[in-house]
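Please read the points in order, with the model open beside them.

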Amino acid sequence: APKYTRAYLMRGEVALKQQDTLRALNDFNTAIEMDKYDPDAWASRAIVRLQQGKYAEAESDLNHATHLNAKNAGNYINRALARFHQNNLRGAMSDYDLALDIDSPDIDSVNRLTLISEIRIIKKHIQAISNIQPLKK
């Protein structure tokens, strides 16, 4: 069955590009059922869950993906987004740092420089947010 996992992942990616999130989710679920050790299946389902605003579920999927493949910077960036939306600013900052530390082969030098500058900007915003004290009544 694992040999068909890629086919479901590819079909899910096409469905996602066509904004058919239900079909994409079904394909990614099937891919996970076929091969629960495929980090791409978990990461792909997390993308759908991020789009649906299901941030805790996305974080859970990305925890699986990063456990299975700790060398994919994109998974840490996506998990940071999920954590940010759950108001886990410290976790988001940590994931952005992890993403920067990874020398990922899927990120070329130009994209890496862009990524680094974007993450620095995001981290400054998170730092500013986390420094704001709540108003006392």
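1. Basis. This is a predicted model, in which local features need pLDDT of at least 70, side-chain atom pairs count only at pLDDT 80 or more, and totals for chains, interfaces and linings use all residues. Residues are numbered from 1 along each chain as its sequence is written, and side-chain values use heavy atoms, with hydrogens and water left out.

2. Overall make-up. The chain has seven helices and zero strands. Read from the N terminus, its elements run α-α-α-α-α-α-α. Helices (H or I, at least four residues) and strands (E, at least two) are DSSP runs, numbered from the N terminus.

3. Burial and surface. Of the 137 residues in the chain, 38% are buried. Buried means under 20% relative accessible area, exposed means over 50%, and partly exposed lies in between (1.4 Å probe, protein chains only). The accessible surface comes to about 8,700 Å². Carbon and sulfur atoms hold 53% of that surface. Areas come from the Shrake-Rupley method with a 1.4 Å probe; for residues, only the protein chains shown count as cover.

4. Contacts along the chain. Take contacts between residues at least 6 apart in sequence: 47% of them join residues at least 24 apart. Contact means heavy atoms within 4.5 Å.

5. The H3/H4 pair. Helix H3 (residues 39–51) packs on helix H4 (residues 55–68) at about 160°, with the axes 8 Å apart. H3 is therefore roughly antiparallel to H4 (over 145 degrees; under 35 is roughly parallel, 65 to 115 roughly perpendicular, the rest oblique). Axes are lines fitted to C-alpha atoms, for helices over the stretch in contact, and angles run from 0 to 180 degrees between N-to-C directions.

6. What meets there. On H3, the contact residues include Trp42, Ala46 and Leu50. On H4, they include Tyr55, Leu62 and Leu68. The residues of this contact divide into 10 nonpolar, one polar and four charged.

7. Lys123. Where is Lys123 found? Lys123 sits in helix H7 (residues 109–131). Leaving aside neighbours within four places in sequence, Lys123 is in contact with Met93, Tyr96 and Asp97. Lys123 and Tyr96 are 27 residues apart in sequence, yet 7.8 Å apart in space, C-alpha to C-alpha.

8. Gln127. Helix H7 also holds Gln127. Gln127 counts as partly exposed because its relative accessibility is 37%. Its C-alpha atom is separated by 9.1 Å from that of Arg90, 37 residues away along the chain.

Conventions:
Ala, Val, Leu, Ile, Met, Phe, Trp, Tyr, Cys and Pro count as nonpolar, Asp, Glu, Lys and Arg as charged, and the others, Gly among them, as polar.
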